Amino acid sequence: MGTLEIEHPYPPTTITTTAAAADDDDVSPIEQVRLTVANTDDPTLPVWTFRMWLLGVLSCCLLSFLNQFFSYRTEPLIITQISVQIATLPIGRFLHAVLPETKFRIPGCGDRLFSLNPGPFNMKEHVLITIFANAGSAFGNGPAYAVLGYGWAGLLRKYVVEPAHMWWPSNLVQVSLFR
């Protein structure tokens, strides 16, 4: 039998952390969170890309339509954002392979250069697509309450998002899919 070598899709990068990032406030006291969620960030990864907007808006509209369509059944079929999270990873990598890397200027945006394909499909794009899908998949109370929840989370970010001791066990499974 031969050996199987698995190549990581992205080249390894070294991320330097500052003293503030290595502070104890950023390290979660809960072991499950420390094992699942990385507390480092690579600010060089592109986020607001054409792929993110295309897949994010399509997933939001598609999930909103499908969940509304299936809600009229006697036994409603509920499609969650995790299905979009799983489906968009190969689609994002496919778009990386087929979209042109040509840089162009948009009139009115100055000297900034834009590209439909700024680099490999990355985790930040994937997370934002899943957030878009989550806004479209709110079943039961409707999308207005899902978007209202993002507003409350933003207003209460200091208390419910930023502290390291705040954790949401139901989200750890979904977060582990991003790694």
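**Exercise 1. How many disulfides does the structure hold?**

Solution. Start with the ground rules. This is a predicted model, where local features need pLDDT of at least 70, side-chain atom pairs count only at pLDDT 80 or more, and totals for chains, interfaces and linings use all residues. Residues are numbered from 1 along each chain as its sequence is written, and side-chain values use heavy atoms, leaving out hydrogens and water.

Step 1. A disulfide is a covalent bond between the sulfur atoms of two cysteines. The test here is a pair of cysteine sulfur atoms within 2.5 Å.

Step 2. Take Cys61. Its closest cysteine sulfur belongs to Cys60, 5.5 Å away, so the gap is too far for a bond.

Step 3. The count for the structure is 0 disulfides.

**Exercise 2. Describe the protein chain as a whole.**

Solution. Step 1. Count elements, taken as DSSP runs numbered from the N terminus: helices (H or I, at least four residues) and strands (E, at least two). The chain has 7 helices and 2 strands. Their order from the N terminus is α-α-α-β-β-α-α-α-α.

Step 1. Check burial. Of the 179 residues, 24% are buried.

Step 2. Check the surface. The accessible surface is about 13000 Å², and carbon and sulfur atoms account for 65% of that.

**Exercise 3. Which element gives the most to the lining of the second largest pocket?**

Solution. Step 1. Define the pocket: on a 1 Å grid over the protein atoms alone, an open set of points where a 1.4 Å probe fits, with protein on both sides within 12 Å along at least five of seven lines; lining residues have an atom within 4 Å of a point.

Step 1. The lining has 15 residues, with Trp48, Thr49, Leu113, Phe114 and Ser115 nearest the centre.

Step 2. Helix H2 (50-70), strand S1 (103-105) and strand S2 (113-115) each supply at least two lining residues. S2 gives the most, with 3 residues.

Notes. Buried < 20%, exposed > 50% of the residue type's maximum accessible area, 1.4 Å probe, protein only. Areas by Shrake-Rupley, 256 points an atom, 1.4 Å probe, with all protein chains shown as cover.
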